[in-house]
Amino acid sequence: MAAMTSRRERGPHSGGSARRESVRGEQKLRTRTSLIEAALDLSRTQAFSGLSLRDVARGAGISPTAFYRHFSSLDELGVALAEEGMRSARGIAREIRRGEPKTLSEAMGILAEQVRQSPDQLRFVVTERYTAPTEVRRAVNIEMRLLAGELAIDLARRDQMRMWDSADLTTAANLILSIAANAVAELVQPDADTDEVVSTATSSLRMAFVGLQNWKSS
């Protein structure tokens, strides 16, 4: 009886209302995705700080006023782009761990292949981390610190680094990430020579690890 009463209270149109809400939610998500893709497309040829809200909205096929239903400002859109890019970066780190490369060259090969699959998101991060508006740079830096923290944990598992203090592990992680980020910045270029980039990054990492292996943590 209670169930029947509940159904009567909801009325005959409650199912249709739920479906309409679901459709609206899906449409909103598609439009948000279109805005992100439009901004990424525009940022291939100009700095994010030079983008206009009108151009981004036009690229997504919506009016400028409709933009504000999804983001409060271009800076908020930039933060979303940074988070997307760093999500890709963390995915690359997971793929390298999963692949269990036996050499640094193999690890850089995995990096290059992953960059090839999602170049636009990563291009945004490596090109805008120093020049984007403050809120966007802050978002990138926060995500980079999190990634460095994960890498520092991985390094602490190495026999020669087990006794290192956290500050030295973080410094080592940042050094490795800097080399990887420079490689990504080269790989996302249209005319990138992948083999040369991988070779250069591998050599840089080898030099770094020679120094790390001889470092005496305080």
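Arg-98 and Glu-95 sit three residues apart in helix α5, so about one helical turn separates them. Helices here are DSSP runs of H or I with at least four residues, numbered from the N terminus. An α-helix has 3.6 residues a turn, so residues three or four places apart point the same way. The side chains of Arg-98 and Glu-95 meet in a salt bridge, at 2.3 Å from N to O. A salt bridge here is a side-chain nitrogen of Lys or Arg within 4 Å of a carboxyl oxygen of Asp or Glu. Arg-98 is exposed, with a relative accessible area of 54%. Glu-95 is partly exposed, at 29%. The cut-offs are under 20% relative accessible area for buried, over 50% for exposed, and partly exposed in between (1.4 Å probe, protein chains only).

This is a predicted model: local features need pLDDT of at least 70, side-chain atom pairs count only at pLDDT 80 or more, and totals for chains, interfaces and linings use all residues. Residues are numbered from 1 along each chain as its sequence is written, and side-chain values use heavy atoms, with hydrogens and water left out.

Glu-150 pairs with Arg-97, their closest N and O atoms being 3.8 Å apart. Glu-150 lies in helix α8 (residues 134-156) and Arg-97 in helix α5, so the pair ties together parts 53 residues apart in sequence. Glu-150 is partly exposed, with a relative accessible area of 31%. Arg-97 is partly exposed too, at 35% relative accessibility.

Asp-154 forms a salt bridge with Arg-157, and here the closest N and O atoms are 2.8 Å apart. Asp-154 is partly exposed, with a relative accessible area of 22%. Arg-157 counts as exposed at 54%. The count of salt bridges comes to 13.

Asp-41, Arg-44, Asp-120 and Arg-123 are linked by salt bridges. Arg-123 belongs to helix α7. Arg-123 is buried, with a relative accessible area of 16%. A polar atom of its side chain lies 3.0 Å from the backbone oxygen of Val-188. Leaving out residues up to four places away in sequence, Arg-123 touches Arg-44 and Val-188. Contact means heavy atoms within 4.5 Å.

Now turn to helix α6, residues 104-117. Helix α6 has 14 residues and reaches 20 Å from its first C-alpha to its last, close to the 20 Å expected at 1.5 Å a residue. That expected span is 1.5 Å times one less than the number of residues. Ala-107, Met-108, Leu-111, Ala-112, Gln-114 and Val-115 are buried in α6. They cover an arc of only 165° around the axis, which puts them on the same side of α6. The arc is that of the directions from the helix axis to the C-beta atoms. The buried residues of α6 pack against α5 (74-99), α7 (119-128), α9 (166-187) and α10 (194-213). The face turned away from the buried side of α6 carries the exposed residues Arg-116 and Gln-117.

Ile-36 counts as buried at 10% relative accessibility. Its contacts are Phe-71, Leu-77, Ala-80 and Leu-81, not counting residues up to four places away in sequence. Ile-36 and Asp-191 are 155 residues apart in sequence and 25 Å apart in space, C-alpha to C-alpha.

Definitions and conventions
Helices (H or I, at least four residues) and strands (E, at least two) are DSSP runs, numbered from the N terminus. A polar contact is a pair of N or O atoms within 3.5 Å; within protein, one must be able to donate a hydrogen and the other to accept it, and residues adjacent in sequence count only if both atoms are side-chain atoms.
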